[in-house]
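This report is written for a reader who is meeting the structure for the first time. Please keep the sequence and the model in view while reading.

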Amino acid sequence: KVGSYIGHHPGTATFDGQFVYTGFRPAWVMIKSAVGGTGHWNIYDNARQVNNPNQVVLRADLNNADAASSSSLAIDFVANGFKTKSTHVNIDGRTYVYLAFAEQPFKYANAV
């Protein structure tokens, strides 16, 4: 699925994140800020980080290794989408674009 979302960060210590509905549990998600070419192409997957929060980021626009595991980079993969867990991919009011691939093939009930 390809789409966009607008960041929403309430600025509280108990930040719970912006939920993005995909209709399936993602296996791979790439996210980038759509504002003026700023920010990195952030890739999250369920192979390098098998549980939530997913804190290992590969940046497609850089030639270095995975970013270090950090809660400041985290997202969660949930049954029907993903949830941002940090301001890194969820600055309040900023538009982000994403590309997501399903964990299961289309023939199963949890992928549409």
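## The sheet and its order

In what order do the five strands of the open sheet stand, and is the pairing parallel or antiparallel? In this predicted model, the order across the open sheet is S1-S8-S3-S4-S5, and the strands pair in the antiparallel sense. Strand S1, which covers 2–6, and strand S5, which covers 58–59, each have a single partner strand and stand at the edges, so one side of each is left without a neighbour in the sheet. As a general point, the strands of a sheet pair through backbone hydrogen bonds, in either a parallel or an antiparallel way.

## The protein as a whole

Eight strands and zero helices are found in the protein, and the elements, read from the N terminus on, accordingly run β-β-β-β-β-β-β-β. The protein has 112 residues, of which 38% are buried, and it exposes about 6000 Å², with carbon and sulfur atoms supplying 56% of that area.

## Strand S4 and its two partners

On one side, strand S4 (residues 42–45) pairs with strand S3 (residues 26–33) over four bridges, in the antiparallel sense. Within this pairing, Met30 is the residue that stands opposite Ile43 in S4. Strand S4 is also joined to S5, by two bridges, and these strands run antiparallel; here Asn42 has Arg59 in S5 as its bridge partner.

Which residues of S4 point one way, and which the other way? Asn42 and Tyr44 point one way from the strand, while Ile43 and Asp45 point the other way, and all of these are buried.

## Ala100 in strand S8

Ala100 lies in strand S8, which is made up of residues 95–102. Is Ala100 buried or exposed? Its relative accessibility is 2%, and because buried means under 20%, Ala100 counts as buried.

When neighbours within four places in sequence are left aside, the residues in contact with Ala100 are Lys1, Thr22, Phe24, Trp28 and Val29. The C-alpha atom of Ala100 is separated by 7.6 Å from that of Ala27, although these two residues are 73 residues apart along the chain.

Note on methods: Residues numbered from 1 in each chain as written. Predicted model: local features only at pLDDT ≥ 70, side-chain atom pairs only at ≥ 80, totals over all residues. Heavy atoms only, no water. Pairing = 2+ DSSP bridges. Buried < 20%, exposed > 50% of the residue type's maximum accessible area, 1.4 Å probe, protein only. Areas by Shrake-Rupley, 256 points an atom, 1.4 Å probe, with all protein chains shown as cover. Contact = heavy atoms within 4.5 Å.
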